[in-house]
Amino acid sequence: MQQHDVIVIGGGHAGTEAAAAAARVGARTLLLTQQLDTIGQMSCNPAIGGIAKGTVVREIDALGGIMARATDLSRIQFRMLNRSKGPAVWSPRAQCDRTLYRSAVRRLLERHDCLTFAQGTVASLEVRGGRAERVCTEDGRVFAARAVVITAGTFLRGRIHIGVETAIPAGRAGEPPCGDLPQTLQTHGLTLFRFKTGTPPRIDGRTVNFTVLGRQDGDADPYWFSFLERAPHPAQLPCWLTYTNDQLRDLVRSRLSESAMYGGAIGSRGPRYCPSIEDKILRFPDVARHQVFLEPEGLETTELYVNGLSTSLPPGIQLEMLRSVLGLERVEMTRPGYAIEYDYIPPTQLTATLETRAVRGLFLAGQINGTTGYEEAAGQGIVAGINAAAHALGREPTVLGRDEAVIGTLIDDLVTRGVDEPYRLFTSRLEYRLLLRQENALRRLAPVARRLGLWTESQRVAAERRLELEDHVLELAHRTRLTPEQANAILAPPGGRVVSHPVRATELAKRPGITLEQLMRAAGMECDRDACTWGDVELKYAGYLDRERSAAARLADQNDFLLPDSIDYTSLTALSFEAREKLHSLRPRTLGQAARIPGVSPSDLQNLLREVVRLRVSRETGLLQS
């Protein structure tokens with residue numbers, strides 16, 4: 001029997017980040033997955049990043065993770081979303097070559113000396129004394145560990161549906177599900193429910209009439225997701241835009257009874273913000289057309305991902321549907337779309353470290369926690385890996401705050417509020433969105449990375465150099481004064497107010513439409529673009545940032561107020577019955593977390609604070625008397 005500190009089950013986006021993180025902090029880690037060849041597989045959309053998600057990718061990188069570096073090594077188109085708005089809300093997104101991405105993930109994982117790999121399907125998890133101790137595979141092997149991380153994605157009793165008559169047991173197309181592990185988890189006290197998600201068909205790009213489609217090229221400006229390494233980028237490819245029409249809408253409406261999602265084959269809840277074409281047509285009957293993006297799958301293939309047409313209709317109808325779209329009249333479908341049902345574990349059964357309450361040393365990350373999206377999975381994975389290693393090595397756990405990282409908001413939402421549909425990140429979920437920007441992720445999380453030892457020496461040097469450069473640019477901007485001639489050359493063309501005396505660059509940079517980089521170059525100084533972007537945001541939004549920092553400080557006060565593990569919430573009659581029930585079930589760590597639980601009112605919170613203070617005084621008085 002092999003002994004490890006941490007075993008990670010699953011090799012998707014959550015599993016790879018969990019395994020890499022645990023290994024980086026010195027835990028002897030095993031990555032156990034059904035197919036070693038599919039480690040890092042992009043199961044659905046060949047894209048990384050986007051609104052809020054791009055910030056998560058940069059936070060993962062700031063913590064030494066692999067997603068950003070794998071994206072840089074495989075990206076075949078890059079776009080900075082929201083560029084027409086201020087830099088505080090810019091969101092990086094990349095199309096990736098599926099094959100290059102998968103191979104990049106594997107190469108990056110194999111850099112870790114503490115990480116080993118094994119192929120096998122997990123049959124059971126052995127728990128002794130309330131602690132996870134062993135993992136057993138279907139072929140009879142047994143692996144022991146002090147902590148286990150499960151990142152099973154859609155593989156727990158996964159079932160693919162294409163139409164109402166075709167149902168295939170699978171974790172994803174062509175791969176069998178994991179059928180025994182869910183039963184084991186239920187045996188150990190965890191509750192499981194079902195969700196569903198879906199994927200669109202793929203098509204042969206050689207059969208597309210591109211001349212009638214809208215072309216979308218990537219940004220020409222260089223950009224790296226990773227702060228810590230700058231890999232060479234592959235060549236960029238365009239994406240293409242077309243639209244659905246009345247013919248497609250009428251076809252879908254007339255064949256709804258043959259859809260797995262509407263014909264009765266599936267009863268599970270799906271993602272609201274990544275709907276199937278059936279959902280779109282029913283939920284938005286007055287919308288004349290819906291966007292359809294054709295996205296390249298890679299440099300060495302003509303296959304295209306049809307983003308916007310997720311469906312569970314039969315293959316013949318899918319092809320008819322595709323051929324009704326402008327530019328796809330003679331298209332050939334290479335793979336049909338499908339819906340997939342799978343088990344997930346409601347995440348309110350977890351602590352903020354992603355450890356289960358029912359089993360000590362058992363951590364969960366990714367879609368098993370009711371989320372959707374590569375980035376959400378990877379963000380959970382890195383936190384689960386860090387904390388699994390801490391559990392195994394006897395170290396303090398790590399919890400990221402809502403004001404500290406988008407990942408912190410994600411995890412707090414999951415474990416405090418739970419999910420009733422697959423969870424997806426949006427900036428609207430972030431009360432501190434100005435503090436949690438993509439360009440300052442390294443600055444925010446560098447203290448955590450340093451404390452935990454998550455960087456290699458070369459990464460540490462790169463990180464320190466980046467942060468020093470940002471500080472230097474801002475300091476230089478405070479010292480630099482532009483003459484009227486230098487300043488007005490920039491201010492006059494847009495119709496801005498010209499100046500008649502020398503003005504500091506930091507003052508001029510507060511004006512809309514004027515960038516710090518422009519000002520520094522006008523003053524005759526070379527300026528690193530990334531460092532200037534950070535300085536620009538800090539100057540332009542200084543007042544708003546101060547307000548958010550003050551709000552975050554108030555939240556920190558609540559989060560510093562720890563609630564006793566032993567408190568009996570059912571006995572606190574000053575609280576409402578609903579609050580007592582929710583608090584007893586969720587066992588929040590802090591007053592701040594208790595405040596975010598649905599059903600706990602401000603008056604409940606005040607009464608809880610009084611009760612905890614009274615209990616502490618009573619306990620301290622008893623100790624003094626004894």
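By a rule that counts a disulfide when a pair of cysteine sulfur atoms lies within 2.5 Å, the count comes to one disulfide. This is a predicted model: local features need pLDDT of at least 70, side-chain atom pairs count only at pLDDT 80 or more, and totals for chains, interfaces and linings use all residues. Residues are numbered from 1 along each chain as its sequence is written, and side-chain values use heavy atoms, with hydrogens and water left out.

**Cysteines**

- The disulfide joins Cys527 to Cys532, with an S to S distance of 1.7 Å.
- The link of Cys527 and Cys532 is right-handed, with 75 degrees about the S-S bond.
- Buried means under 20% relative accessible area, exposed means over 50%, and partly exposed is in between (1.4 Å probe, protein chains only).
- Cys527 is buried at a relative accessible area of 8%, and Cys532 is buried at 1%.
- Cys239 is also buried, with a relative accessible area of 4%.
- The closest cysteine sulfur to that of Cys239 is in Cys96, 11 Å away, so the two are too far apart for a bond.
- Cys114 is partly exposed, at 30% relative accessible area.

- Helices (H or I, at least four residues) and strands (E, at least two) are DSSP runs, numbered from the N terminus.
- Two strands pair if DSSP finds at least two bridges between them.
- Strand E9 covers residues 142–150, and seven of its nine residues are buried, so the rest of the structure largely encloses it.
- Strand E1 (residues 2–9) pairs with E9 in the parallel sense over seven bridges. His4 has Ala145 in E9 as its bridge partner.
- Strand E8 (residues 131–137) pairs with E9 in the antiparallel sense over three bridges. Here Val135 stands opposite Phe143 in E9.
- E8 and E9 form a hairpin with four residues between them. Gly140 in the turn has a positive phi of about 95 degrees.
- Strand E20 (residues 362–364) and E9 pair in the parallel sense over three bridges. Leu362 in E20 is the bridge partner of Val148.

**A three-stranded sheet**

- An open sheet of three strands runs in the order E3-E5-E4, with antiparallel pairing.
- Strand E3 (47–49) and strand E4 (75–81) stand at the edges with a single partner strand each, so one side of each has no neighbour in the sheet.
- From one strand to the next, the twist averages 20 degrees.
- E4 and strand E5 (residues 91–96) pair in the antiparallel sense over six bridges. Ser91 in E5 is the bridge partner of Leu81.

**Helices H16 and H17**

- Axes are lines fitted to C-alpha atoms, for helices over the stretch in contact, and angles run from 0 to 180 degrees between N-to-C directions.
- The axes of helix H16 (residues 529–540) and helix H17 (residues 542–560) come within 5 Å and cross at roughly 80 degrees.
- That makes H16 roughly perpendicular to H17. Angles of 65 to 115 degrees count as roughly perpendicular, under 35 as roughly parallel, over 145 as roughly antiparallel and the rest as oblique.
- Contact means heavy atoms within 4.5 Å.
- Val537, Glu538, Leu539 and Lys540 in H16 meet Ala542, Leu545 and Arg549 in H17.

**Lys582**

- Lys582 lies in helix H18 (residues 577–586).
- Lys582 is partly exposed, with a relative accessible area of 27%.
- Not counting residues up to four places away in sequence, Lys582 touches Ile597, Pro598 and Gly599.
- Lys582 and Val600 are 18 residues apart in sequence and 7.7 Å apart in space, C-alpha to C-alpha.
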